[in-house]
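Subject: Structure for your study

Dear colleague,

Please find below the structure that I am passing on to you.

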4 protein chains.
Amino acid sequence: MLVVMQPRASEEQIRAVCQKIESLGYRAHPIPGAKHTAIAITGNTGEVESGALEEMPGVQETVRVTKPYKLVSRIAKRENTVISFPGSIATIGGSEFTVIAGPCAIESREQAFAIAECVQRAGVQFFRGGAYKPRTSPYSFQGLGEDGLRILAEVRRHFGLLIVTEAMDTESLDLVEECADVIQIGARNMQNFSLLKRAGRARKPVLLKRGMSATLEEFLMAAEYLMSEGNHNVILCERGVRTFSDHTRNTLDLAVVPAVQRLSHLPILVDPSHGTGQRSKVTPLARAAAAVGADGLMVEVHHRPGQALSDGMQSLYPQQFEDLMTQVRQIAAIVGRTMPAAAQSSGLPRTEAVVTL
Amino acid sequence: MLVVMQPRASEEQIRAVCQKIESLGYRAHPIPGAKHTAIAITGNTGEVESGALEEMPGVQETVRVTKPYKLVSRIAKRENTVISFPGSIATIGGSEFTVIAGPCAIESREQAFAIAECVQRAGVQFFRGGAYKPRTSPYSFQGLGEDGLRILAEVRRHFGLLIVTEAMDTESLDLVEECADVIQIGARNMQNFSLLKRAGRARKPVLLKRGMSATLEEFLMAAEYLMSEGNHNVILCERGVRTFSDHTRNTLDLAVVPAVQRLSHLPILVDPSHGTGQRSKVTPLARAAAAVGADGLMVEVHHRPGQALSDGMQSLYPQQFEDLMTQVRQIAAIVGRTMPAAAQSSGLPRTEAVVTL
Amino acid sequence: MLVVMQPRASEEQIRAVCQKIESLGYRAHPIPGAKHTAIAITGNTGEVESGALEEMPGVQETVRVTKPYKLVSRIAKRENTVISFPGSIATIGGSEFTVIAGPCAIESREQAFAIAECVQRAGVQFFRGGAYKPRTSPYSFQGLGEDGLRILAEVRRHFGLLIVTEAMDTESLDLVEECADVIQIGARNMQNFSLLKRAGRARKPVLLKRGMSATLEEFLMAAEYLMSEGNHNVILCERGVRTFSDHTRNTLDLAVVPAVQRLSHLPILVDPSHGTGQRSKVTPLARAAAAVGADGLMVEVHHRPGQALSDGMQSLYPQQFEDLMTQVRQIAAIVGRTMPAAAQSSGLPRTEAVVTL
Amino acid sequence: MLVVMQPRASEEQIRAVCQKIESLGYRAHPIPGAKHTAIAITGNTGEVESGALEEMPGVQETVRVTKPYKLVSRIAKRENTVISFPGSIATIGGSEFTVIAGPCAIESREQAFAIAECVQRAGVQFFRGGAYKPRTSPYSFQGLGEDGLRILAEVRRHFGLLIVTEAMDTESLDLVEECADVIQIGARNMQNFSLLKRAGRARKPVLLKRGMSATLEEFLMAAEYLMSEGNHNVILCERGVRTFSDHTRNTLDLAVVPAVQRLSHLPILVDPSHGTGQRSKVTPLARAAAAVGADGLMVEVHHRPGQALSDGMQSLYPQQFEDLMTQVRQIAAIVGRTMPAAAQSSGLPRTEAVVTL
């Protein structure tokens with residue numbers, strides 16, 4: 001930390017600040033300048049509480065220099081974290097470009113199977129779908145809960161897809177940890193520190209979505225909560241932030257991808273579905289996410305978006321999702337990423353009758 | 001809801017949209033205009049999922065007309081909600097201007113008692129202090145937990161102050177409900193819907209802080225979660241929102257006070273401590289909050305801010321808090337609010353030796 | 001400026017950075033810390049261009065320490081700037097709480113006189129009204145131009161009111177400088193540097209509105225442009241900033257008032273009309289602006305808001321404005337400000353027939 | 001426009017609103033709903049001023065339905081606008097992916113020629129460089145002015161590059177119109193309506209940068225100003241918006257690209273240099289811009305960024321720019337865009353001695 005003195009600060013005031021710093025157990029390094037004297041503080045292991053210093057006579061301001069995160073930092077670990085899954089060749093964070101796809105919410109076994117069949121055919125290895133849904137209104141569909149988890153478990157067995165699903169509280173986390181391959185923490189819970197601590201003790205990887213108004217530092221500190229409890233398998237996910245810009249539901253902040261990659265070893269995905277909130281924008285922004293260098297995508301797909309119980313506006317039709325995968329596969333190759341091949345495309349607009357369970 | 005057709009939409013397209021609306025169980029009212037035809041939808045009790053309509057040929061966009069909140073609305077209840085407390089004459093939401101004051105976190109019995117003594121002398125009836133602290137860093141002081149609650153219970157008995165303290169999860173809510181008079185839900189948990197549902201079943205009033213990037217509608221919908229579970233004693237609290245503006249920690253959005261008062265019957269307080277994050281701005285913004293017509297304030301006070309374990313930068317010194325109360329009392333009177341008188345002021349800068357426990 | 005080295009930076013890298021700094025003509029002060037070495041730069045008179053340093057091997061980041069503004073700063077001038085007007089007792093920035101009121105746009109002589117009569121009766125000394133109107137749409141009413149200025153000149157003569165009106169470009173500035181007492185620079189032109197330079201050479205005070213997304217530093221730097229050209233009579237005006245918050249047209253950032261007052265000697269007013277965009281919020285926020293310690297208000301009043309050619313939604317009715325003045329006068333007294341007395345109130349709802357020209 | 005009545009509005013109030021609408025010359029269409037009555041307004045050619053209606057008894061709110069832009073809209077012109085240049089095969093807005101590159105500011109003939117040579121070799125047809133620089137501080141380098149324009153004219157002659165440079169006011173616009181191929185209007189002037197009107201009468205295409213806090217509607221309305229004065233050759237440019245997100249200088253809002261393309265026929269470029277403000281983020285975001293479907297890029301390049309007089313931090317080194325072009329060329333091909341081939345790459349890190357004039 002640096003304490004900047006006022007231009008007219010007296011020698012005595014400077015000395016008093018130095019003494020205060022020393023009394024807190026740190027070392028003070030006064031640097032006289034043409035206009036200001038600044039006093040550098042060293043010897044601190046954590047953050048210096050600046051309250052005591054800011055108020056001293058002659059002090060203009062304090063400037064924080066070092067970053068508060070440790071375990072998530074590339075300084076702590078230089079190589080990228082690559083997350084693997086028992087019994088699967090899929091990885092997140094390595095050379096592979098990962099796609100997680102599926103409906104916003106699990107609505108029924110029939111719906112889940114229809115969509116799982118579609119995303120699997122497109123070459124996807126991770127299936128998403130909410131059993132517990134955070135909804136702005138208490139009167140909206142809140143998810144099928146444990147029934148939803150059971151359907152996800154069936155999808156896993158039947159299609160061999162890895163399951164990503166959200167836990168909203170410590171109770172649901174116990175159940176999600178049991179049945180899912182990746183535990184999702186939603187944007188609204190990014191600073192639900194009790195939930196983060198519990199997820200940090202889980203034996204499954206955690207996908208952490210960026211909060212709606214989280215700075216990069218707060219985002220990384222939320223990941224630090226997870227890692228500080230022992231869970232080193234953390235996947236970050238940008239899903240748009242809240243700004244004045246009103247032509248999309250959120251503003252997708254793609255520059256956070258290279259920013260995270262510079263500061264941290266953790267993988268970072270992009271969710272263009274929540275990031276835009278509009279079906280027609282999902283594919284262009286998915287292409288952009290691949291091009292910017294993200295480690296993968298999280299995309300909402302629904303076989304009948306018009307009937308979806310939540311987020312129908314932003315869910316892709318199966319055929320649109322196939323097209324997205326084709327385009328993203330080409331771009332991923334350019335930025336040096338591999339993607340599993342798609343099964344043979346149906347070549348036809350997806351009909352809703354394909355899956356008969 | 002209103003479906004706006006494209007200027008060149010055909011008769012057939014308009015008819016198809018009307019049929020779709022009717023098939024969903026609503027009534028369609030086409031309104032031909034000079035440029036566009038718009039189709040009004042009536043007969044819906046909840047929100048219409050617009051996904052099915054947005055995608056139809058010829059549709060330009062859908063415009064939502066009615067608001068999603070019910071119980072929090074002034075349409076549901078015209079008179080202001082006034083919250084009273086058993087065994088106390090204090091109220092929130094009536095003609096009284098309520099002040100809740102105390103430290104950010106409970107650090108020790110001695111600290112809590114010293115501050116409680118100071119705020120009580122200034123005429124305050126509600127004592128705040130966190131036993132469970134949501135901190136951005138896992139390495140920061142996280143609060144004393146149950147020990148903190150025990151100290152708060154002692155403050156309550158010893159000073160007769162009503163206690164406001166935060167619950168961070170369902171576990172701590174059980175304990176907070178037991179020992180506090182008002183259960184606080186913090187800004188980071190405003191959309192922690194599991195916690196809201198649990199607090200909605202609590203038998204104590206809930207003080208709900210606005211999320212950092214919550215729109216007014218989302219803020220009211222979070223209150224709707226509480227009320228929909230049966231808890232009608234909800235107190236809203238504006239504490240600053242996150243914007244590009246970097247001269248304060250948050251941007252205090254005082255216009256939300258008249259906006260809430262127009263739409264809802266619930267009381268709304270203002271927290272200028274978190275709203276600014278800077279000691280020197282707290283008193284001016286506290287005056288502004290009283291002037292704008294808020295139902296009260298939530299303010300951080302510390303007898304030794306330089307030693308505070310959290311938020312020392314924004315905590316007032318006891319003497320500053322006395323001055324704040326004096327100024328706020330005058331403004332409250334102008335806007336037609338009463339405040340309990342202060343005990344006789346010490347007339348002296350507060351020394352730290354006053355409280356000897 | 002401070003150059004923070006990476007934790008693993010070598011001695012050689014640190015030495016190279018120091019040499020680079022010296023080669024730029026500054027002095028380098030390395031400060032070894034437990035984790036990082038930081039290098040303080042002194043000897044610079046202006047801002048150091050950090051591009052050359054950021055890219056050097058071993059450098060983590062650069063941290064700017066000193067502020068770029070000079071003339072607007074309280075360090076340059078300790079006492080508040082008080083602006084006076086030839087032939088008037090009115091001042092801005094002194095102990096008086098200044099109110100500037102009038103219509104958004106001058107629409108006709110009749111309209112201007114009707115409103116001028118009303119605001120004068122309420123005790124106002126400054127009349128506002130746009131002759132040149134910046135409008136989002138080229139198809140909206142753009143102001144009466146020179147005819148509007150002539151009407152303002154008549155208002156000045158007839159009522160003895162001081163005139164505040166906006167200049168949109170260097171051409172209109174010539175004319176406005178001639179006929180007005182205060183030249184207004186609108187929010188959209190806050191960083192129209194050509195206009196600022198021209199206004200900086202004007203012989204009349206300039207009222208500078210904060211840009212919609214201007215940081216405090218940018219706001220002060222825009223004022224620095226005016227002062228650097230020789231115009232020391234600058235009045236700042238907060239008028240709301242653009243955020244995600246959608247319940248008002250802008251988010252009024254009242255904390256900027258004490259922030260400006262700490263850093264600068266210039267007076268700062270608040271415009272609650274543009275700051276909220278809604279008639280029902282203007283009076284509460286005007287009270288708040290007085291309470292927070294602003295030097296005055298800028299308010300839109302219209303005798304027939306329903307017929308206004310622009311901003312009718314946010315214009316007060318004459319009776320509402322009288323009430324605002326009454327309330328603001330009481331609050332101003334509490335924060336130690338004086339205001340001229342109102343002429344005797346009509347006691348009646350303002351009728352539109354009062355002014356017959 | 002739609003007027004939404006309060007749930008308890010009386011028949012009489014509804015009738016009065018309808019009569020008011022008719023008296024304004026429009027037609028009123030009441031639509032009774034279960035909870036509210038809404039009244040649709042038709043027959044208006046422009047925007048209805050809602051002030052008169054919002055205030056009537058029983059009215060809850062008004063909802064605007066139609067968009068205010070006309071000439072920029074795809075409804076007015078279905079096919080994409082393709083801008084061509086006399087004596088050049090270059091186009092903007094067609095199948096070609098356009099790159100505009102060069103330094104932030106023209107600093108000297110030598111600097112301009114060195115950079116022009118580099119960007120031309122990379123296959124670029126448009127050279128950018130500021131002669132007039134809008135700078136936050138009056139003490140920063142403000143551009144070479146007319147000398148800069150003369151250097152640009154030389155670059156044009158010598159390299160056959162088309163010139164893009166900024167006009168800051170009507171005076172400089174006269175000169176820029178003379179010597180440049182594209183007149184740039186900067187972000188800070190996006191709502192400088194006097195300048196827009198003048199540029200709308202220019203005989204050269206205008207590149208309009210999005211304002212820092214401009215909504216999409218405001219951005220399009222600024223273009224409407226240009227077109228309404230007769231200039232139909234308008235190029236839009238996204239350059240990042242201002243948000244709370246602090247890891248980049250601005251937040252690049254790439255979703256605006258498909259949003260513009262849906263609503264308007266005008267071409268839209270992306271400026272990743274200002275959009276991020278950090279050299280290391282420029283290439284990833286340039287790739288993303290190509291992938292999202294933009295019509296081109298505007299990029300800052302400098303042969304000696306460490307010595308740049310402005311924006312050195314965000315300027316690419318020549319070799320970095322060559323790499324960017326290589327990557328962008330591959331992505332452009334995937335999204336169906338062509339780009340002129342690069343001259344043979346030097347294959348070596350660019351040395352500063354290459355250009356000896």
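Two strands are said to pair if DSSP finds at least two bridges between them. Please keep in mind throughout that this is a predicted model.

In chain D, strand β7 (residues 98-102) and strand β14 (residues 296-300) meet this condition, pairing in the parallel sense over 5 bridges. Within these two strands, Ala101(D) stands opposite Val299(D) of β14(D). The pair belongs to a barrel: 8 strands of chain D close up in the order β7-β8-β9-β10-β11-β12-β13-β14, with parallel pairing. On average, neighbouring strands of this sheet are turned by 25° against each other, direction ignored.

For an overall view, please turn to chain A. Chain A contains 11 helices and 14 strands, and its C-alpha atoms fill a box of roughly 85 × 40 × 40 Å along the principal axes. Of its 357 residues, 58% count as buried. Among the contacts in chain A with a separation of 6 or more, 67% are between residues 24 or more positions apart.

Helix α4(C), residues 146-159, has 14 residues and reaches 20 Å from its first C-alpha to its last, close to the 20 Å expected at 1.5 Å a residue. Which residues of α4(C) are buried? They are Gly148(C), Leu149(C), Ile151(C), Leu152(C) and Val155(C). These residues lie on the same side of α4(C), because they cover an arc of only 160° around the axis. The buried residues of α4(C) pack against α3 (109-121), β8 (126-128), β9 (162-166) and α5 (170-179) of chain C. After the helix comes Gly160(C), which has a positive phi, near 70°.

Finally, I turn to how chains C and D are related. Two copies of a chain are related by a rotation about an axis and a shift along it. The same surface serves both copies, as 100% of the contact residues of chain D recur in chain C.

With kind regards,
A colleague

Note on methods
Residues are numbered from 1 along each chain as its sequence is written. Chains are lettered from A and ligands numbered from 1 in the order in which they are written. This is a predicted model: local features need pLDDT of at least 70, side-chain atom pairs count only at pLDDT 80 or more; totals for chains, interfaces and linings use all residues. Helices (H or I, at least four residues) and strands (E, at least two) are DSSP runs, numbered from the N terminus. A residue is buried if 20 or more other C-beta atoms lie within 10 Å of its own, exposed if 12 or fewer, and partly exposed in between; C-beta atoms are placed from the backbone. Two residues are in contact if their C-beta atoms, placed from the backbone, lie within 7 Å. Axes are lines fitted to C-alpha atoms, for helices over the stretch in contact, and angles run from 0 to 180 degrees between N-to-C directions. The expected span of a helix is 1.5 Å times one less than its number of residues. The arc is that of the directions from the helix axis to the C-beta atoms.
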